[in-house]
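Dear colleague,

Please find the structure below, together with its sequence.

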Amino acid sequence: MSSPHLLWLLSGVGGILVLASILGEILRQRLSPDGTNPVIENLNARIAAWWVMVILLAIAFLAGKTGVVLLFALCSFAALREFLTLTTHNRGDHWSLVACFFLVLPLQYYFVLIDWYGMYAVFVPVYVFLLLPVLSALRGSTKDFLVRVSETQWALMICVYCISHVPALLYLQIPGFEGRNVILIAYLIFVVQLSDVMQYVWGKLLGRTKIAPTLSPSKTWEGFIGGSLTAIAVGTSLWWMTPFTMAQAAGMCLILTLMGFFGGLVMSAIKRDRGVKDWGHLIAGHGGFIDRLDSVIFAAPIFFHVTRYYWSLT
Amino acid sequence: MSLRVRSLAASLTGQAISVFARFMTAPRAIWQGIEPVPRQRVYFANHSSNGDFVLLWTVLPPNLRRQTRPVAALDYWLKSPLRAFIGREVFNAVLIDRRPEARVADPVAQMVEALDQHASLILFPEGQRNSSDAVLLPFKSGLYHLAKSQPEVDLVPVWIANLNKVMPKGEIIPVPLICTLTFGAPLHLSADEAKDAFLARASSALLALAPGNPA
């Protein structure tokens, strides 16, 4: 599944990470020689985690379609574990929660793997939406029933349905782009995450005006505009490896950065409501899987459908 | 030879149980009142699930894990050969008999003997799984007797959160949810502290670690 463009993109990301690692080390020696500056320590932890994430993604790309589907199924599992830890449920929901992990999640990714679009596009929003509450209803507990089933459905939409649209990109049939679909995934993740990182960098350098003070103290207009423009500029300059023209690529990048930003905003609101700072703790420096994936979660389905509608034969 | 095979099997089974526990609960240890250093300790925790000691054992660093033995009920762990293998050989549990009429050894004496051999212990002072609505059941007196006979050993409260939702009593299949284990500051018996006063202090020290309670 490798293509020369993918290798170039991965080498480019590798180069950025080498640069970031060197910069992080210089900053550490200057500002935090005894490891006590939390911002610098967090920055270096983030860079180290990026290495791991990029290497895992590269391995999955090499392993082919099954590898990519499996990697994102595991991400879904970890994200769902984080999400359902914070939602409302009681003992009457035990079977529906078990079904979320061991039935809904594997089936959704199986449908993606066998390229059954008609099923994976409606499985969670139609079949699961209607059938899963039945399991909770049969157990007879009505306390907070609507809250419980709604939050469980939300967890599945965010953590399983949306994330599964990333590997689904592998199955689009774009004339003249055969065998290179993995670029779509790399491009989606690269633009969205670059936008996240650059919003963090611009925000730290120039951030003054908070966008939503009650939601997140770190989201500023300066960071958002600087980060998005940087990601759009870099993403547009890579148009030649995508199925898009330069103008189309710019439009796609605008969609990706906007949706990514919205994802961060909405998921922050949920964290605020539940009184937690991070979704989890497994990705050092970043928090949980959802903390790192929130922007991809919102961007992936839209990117998938716009690409499918305008460029794909299926 | 067969002894070595058994001990290898025990070690691998321990690893497998630990990996499974991590997969289901992604356990997070918060060392709030104490550091994970090799000192002799009695970790005492709330007990709401059969997986409690497995999770506590799993989040200990490997060098501490090797010298830490759970205190568990003999009537439960000797019921089948598989349980006996897991209880005795995998976790090296100190098996105590909860039935005074049937017991041949005194539980406190067994625990003190393990401490004399420099082991650390995992203890559930409620004495049974808590499936009631109360957050914590009243403590049995074993913890006090240990504190009295081994005053230099750290008694470390550990609150295990969420595991009862992973596997509620009566369910067969666990549901994956994140669990946290909060390690508090160590307790010791004060000079001329009475039994009830000490147990109440230990109980409130443990309760203070529960999420939602001010630390």
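**Findings at the interface of chains A and B**

Glu171(B) forms a salt bridge with Arg139(A), and their closest N and O atoms are 2.8 Å apart. Please bear in mind that this is a predicted model. The count of salt bridges between chain A and chain B is one. Across this interface there are also six residue pairs in polar contact, with both residues at pLDDT 80 or more.

On the side of chain A that touches chain B, the elements that give two or more residues are α3 (65-86) and α4 (94-113) of chain A. The largest share of that side, six residues, comes from α4(A). The residues of this side divide into nine nonpolar, four polar and four charged.

As for the extent of the interface, 17 residues of chain A are in contact with 18 residues of chain B. The area buried between the two chains is about 1600 Å², and carbon and sulfur atoms give 70% of this area. In chain A, the residues that lose the most area to chain B are Arg81(A), His94(A) and His281(A), which together account for 37% of what that side buries.

Is Phe77(A) buried or exposed? Phe77(A) counts as buried because its relative accessibility is 8%, and the limit for buried is under 20%. Leaving aside residues up to four places away in sequence, Phe77(A) touches Phe101(A) and Leu105(A), as well as Phe23(B) and Pro176(B). Phe77(A) and Phe101(A) are 24 residues apart along the chain, and their C-alpha atoms are separated by 7.0 Å.

With kind regards

Key
Residues numbered from 1 in each chain as written. Chains lettered and ligands numbered in written order. Predicted model: local features only at pLDDT ≥ 70, side-chain atom pairs only at ≥ 80, totals over all residues. Heavy atoms only, no water. Contact = heavy atoms within 4.5 Å. Buried area = accessible area lost by both parts, 1.4 Å probe. Salt bridge = Lys/Arg side-chain N within 4 Å of Asp/Glu carboxyl O. Polar contact = N/O pair within 3.5 Å; in protein donor to acceptor, adjacent residues only side chain to side chain. Helix = DSSP H or I, 4+ residues; strand = E, 2+ residues; numbered from the N terminus. Nonpolar A, V, L, I, M, F, W, Y, C, P; charged D, E, K, R; others polar. Buried < 20%, exposed > 50% of the residue type's maximum accessible area, 1.4 Å probe, protein only.
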